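User: Could you take a close look at one helix packing across a chain interface for me? I would like the geometry and the contacts, with the cut-offs spelled out.

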Amino acid sequence: MRYWLQRIALAVLLLLSVSILTFGAMNVLGDPLFNILGPVAGDVSNPDSVRLIELAKKEYNLDKPLPVRYGIWLSEFVRGDMGVQFSTDGQPPVTDLIKERIPRSIMLLVMAQLMATLIAIPWALAAASRAERPVDRISTATTFLLVALPNFALAIILKYILGIKLQWLPLTFRAQDPFDSRVWQMVMPALTIALPAAAIYQRLLRTDLITTLQEDFILMARSKGVSRRRVLFRHALRPSLFSFITVVGLNTGALIGGSIVVETVFRIPGLGSSLVEAVLREDFPVVLAIVMIVATAFVMINLLVDVIYSIIDPRVRR
Amino acid sequence: MSSTANALQTASRQDSVRLLEVTDLRTHFRTERGIVRAVDGVSFTLERGKCLGIVGESGSGKTVLSRSLMGLLPSSNTITSGSVRFEGQEILGTSLKQMRRLWGREMSMVFQNPMTSLNPLMKIGKQISEPLRMHLDMTKQDATATAEQLLRDVRIPEPARRLEQFPHELSGGMRQRAMIAIALACGPTLLFADEPTTALDVTVQAQILQLIGEQRRDRNMSVILVTHDLGVVAGHTDEIAVMYGGKLVEKAPTRELFAHMKMPYTMSLLRSIPKLEDPSHTRLATILGRPPDLVNPPKGCKFAPRCAYSRARCHEEEPSLVTAAESPDHVYACWYPVGSPEFEEREAELANVPVRIGGN
Amino acid sequence: MTDLTADNYPMTDSIEPIAPAAGPGEGASAKKKLGRAFWICIGWLIAIVLLAILAPYLPIKDPRTNFTGKGNVGASKGPSMDHWFGTDKDARDVFSRTLHGARVSLTVGFVAIAFGMIVGGTLGILSGYFRGWWDRVVSFAFIVLLSFPALVLAIMLTALLDRKLFTIALILGVLAVAPVGRLARATTLQYADREFVMAARSLGANHRRIIIRELLPNVVIPMAALGLLGMAVAIVAEGGLAFLGLSVEKGITWGGMIQLGSESSRTLERAPWIAFFPIGVLFLTVFALNFAGDRLRSFFDVKETAL
């Protein structure tokens, strides 16, 4: 029990540090005033401009020292108020923007992880049962290729082959479309993220399977007359899944990063693409909010992976 | 159908008494260093209901022998030759599919380390019922009931509860019993026990051996007991085969072996067992040297380099198996066995006592 | 008749002292040589580096000229004798742009990973060696850095700072510090407990001497292989940033070229070479780095276990 409390405390500390760093970076390295007012912010000669500057400072608390500003931001953030957008005159408030965009990103990530897992497991089983043979070697080469290809390149390749040449899948995502068409439209973006992830998962699982297959209890199972296939599925797979699950969970963070690019390529209005847009517009509250959400999700997922691990391994049950 | 009834039915099926006939079995492995002659010409027969003990050090080939007999070795890089007839059928070189029909059903194996040989993530009950459902087509309920009975047969307390537990929740001795239960599940006619007690406490060892003996008698099952410990085979076997360097160097009915052992190696094995009656700090008699290189074995008798009683001939010619004078069932391979004049001579030299020629 | 495990089969102690079942690693084929493929990759890398360095001096077309008008091929034309990789939407020579793009990617990749290894390596070794609260602070810093998906952090920083080549390289370098540092720390921890360190200390060596003479050589080896792999990651990261428009301002980058070539489905359909040639070169470079780095790593690993 104490262990979990420590972990949670550490997680909270972590998130606070992330928020401090981000907030600090945005306000010290960037120029909030400039982002709100544009070039006007530098125009101190014009009395009208000066008045605007003063107003803006008051409204956005820019006249207060940095730690105070951070405190104000933090207290609002934990209550769910993520502030207002700098660049679009405050509309819509950041919270609403996030609420609107998150479902699409979640859909993308869930589909991607699902596809990656569903591809990886049979792939790994096939490779492990024919270890070192041609099938396995080809699969190793494919893994290498997939991992070496940057995800935006893969996205374009898939777009070209599946979308343009073969025309199996639609090219654009439209948020207003009914659910089933949206799922279909998500397939290619999800696949872009899923394929390299599947390659990594598969590689790990395959190696684990091969190691597990060397264990004594596998020989024992065979001596009972259990068929090769059954040994693979019923005896070797479950112990090998442990690191698999860990990797899948921990890799979610990487998937989040990958989704940013993919959302941009396929023009999906999700969290990732809004981050990029906000950054290009230097819209601090948005950037800050998204970064915090992503970091929080990341930390929570890691924690969750640990919890799940301790539950499913009967040896670890306390 | 209970497991005992099963066993009896299997027993009545049998017409020939000879369960296992092994003729010149050789198992060689292809490795980077060369060909390892792990088992190099072993022959013996085993009758129904009898227990054969195979004794030898690490590196003698005894474990490879038991695995070869059962056919559990991987096919790549393994060359086997000779003949192994089980219930009259040749099983050496048969397909995996056919072997799988025998494994678990007609012949099964109990392994050395019960902690690593049991699936850590599968409940005990499931591990026992697996062969039952697979080979005997039992329903889930029947299999569970049979599994519980099996646990009772192997004297595990609270069998119903144990069915639902995982291996790590059992003690070492109980785990081994569970493994025995798994091996006995379908009522095999031949049980291989590969160092079944090595990983256990001394106190538990005796119980396990006794259990195996009991089950053997109850089921009229043959047992091949592989071990490095002569003490283990002393009380529980009908016949003992001693292996060295991949070869069979002595074989005799148990009592006969202990009464008239011929091979100096066997004698050294016996001498190296620590005895309770010895005074404290008695030096353990060990056999100096290491097992022979199985890739480039020495010329002549394999044990000669380490044998205190060896002479020139031992290093030149490999002795073949001859029958002992005392009993036709006793074979050994030695030029100057225990009791021979040359042996006595050397014995005297070692003890530094003047030789008495011609006496008893 | 197929079997579960082809080469590695636990033979138990019966054979163990005489003939081990198979070599370390997967299968008996784990050779101690680097292999031909390795050298091919190195060859490619050397070639691309040379081409990148010499690009402005080579007799190739100028990367910023628009080849429109009379006597020129015009925009979005496919590969030809005149333009080996074809022309893009603004009628610029793709081949020459690809070579120039290499300058950015390779520079960023190299500087980033060099920075990461020097800073991260130092921090890692120091914290692994001295332990105590210093270690806790540094480790915590690493964890914080690793809590961001790297791209998010890179995007954020690129937006805040200027878009000069060096800045971007430095940003990626900062991102590299955490993973490199963690590895350096872990390796140091592994070695710091071993006898030879204790022996050195008993001979009166001070900390600095121990670190430099005993620990550093051992830690550097696994990190060197990591260097190639890290460079691949950095190049991909820069490519991603460039694709999103966040890389070097007004620079020619592979990512930027790819983005232009795939902006609209129509461009992609009608003039795929604009995007695919830079994709190809980028891929080959990253692949070569990955492969060589991996080979190097297993080469050194085998030696380790053989000890």
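**Helix α1(A) against helix α3(C)**

Helix α1 (residues 2–29) of chain A and helix α3 (residues 132–146) of chain C have axes that come within 10 Å and cross at roughly 70°. That makes α1(A) roughly perpendicular to α3(C), a label used for angles of 65 to 115 degrees. Axes here are lines fitted to C-alpha atoms, for helices over the stretch in contact, with angles running from 0 to 180 degrees between N-to-C directions. Helices are DSSP runs (H or I, at least four residues), numbered from the N terminus.

This is a predicted model, in which local features need pLDDT of at least 70 and side-chain atom pairs count only at pLDDT 80 or more, while totals for chains, interfaces and linings use all residues. Residues are numbered from 1 along each chain as its sequence is written, chains are lettered from A in the order in which they are written, and side-chain values use heavy atoms, leaving out hydrogens and water.

Now for the residues. From α1(A), L10(A), L13(A), L14(A), S17(A), V18(A) and L21(A) meet F140(C), I143(C) and V144(C) of α3(C), contact meaning heavy atoms within 4.5 Å.

Across the interface of chain A and chain C, zero salt bridges are found, taking a side-chain nitrogen of Lys or Arg within 4 Å of a carboxyl oxygen of Asp or Glu as the rule.

Definitions and conventions: Helix = DSSP H or I, 4+ residues; strand = E, 2+ residues; numbered from the N terminus. Parallel < 35°, antiparallel > 145°, perpendicular 65-115°, else oblique.
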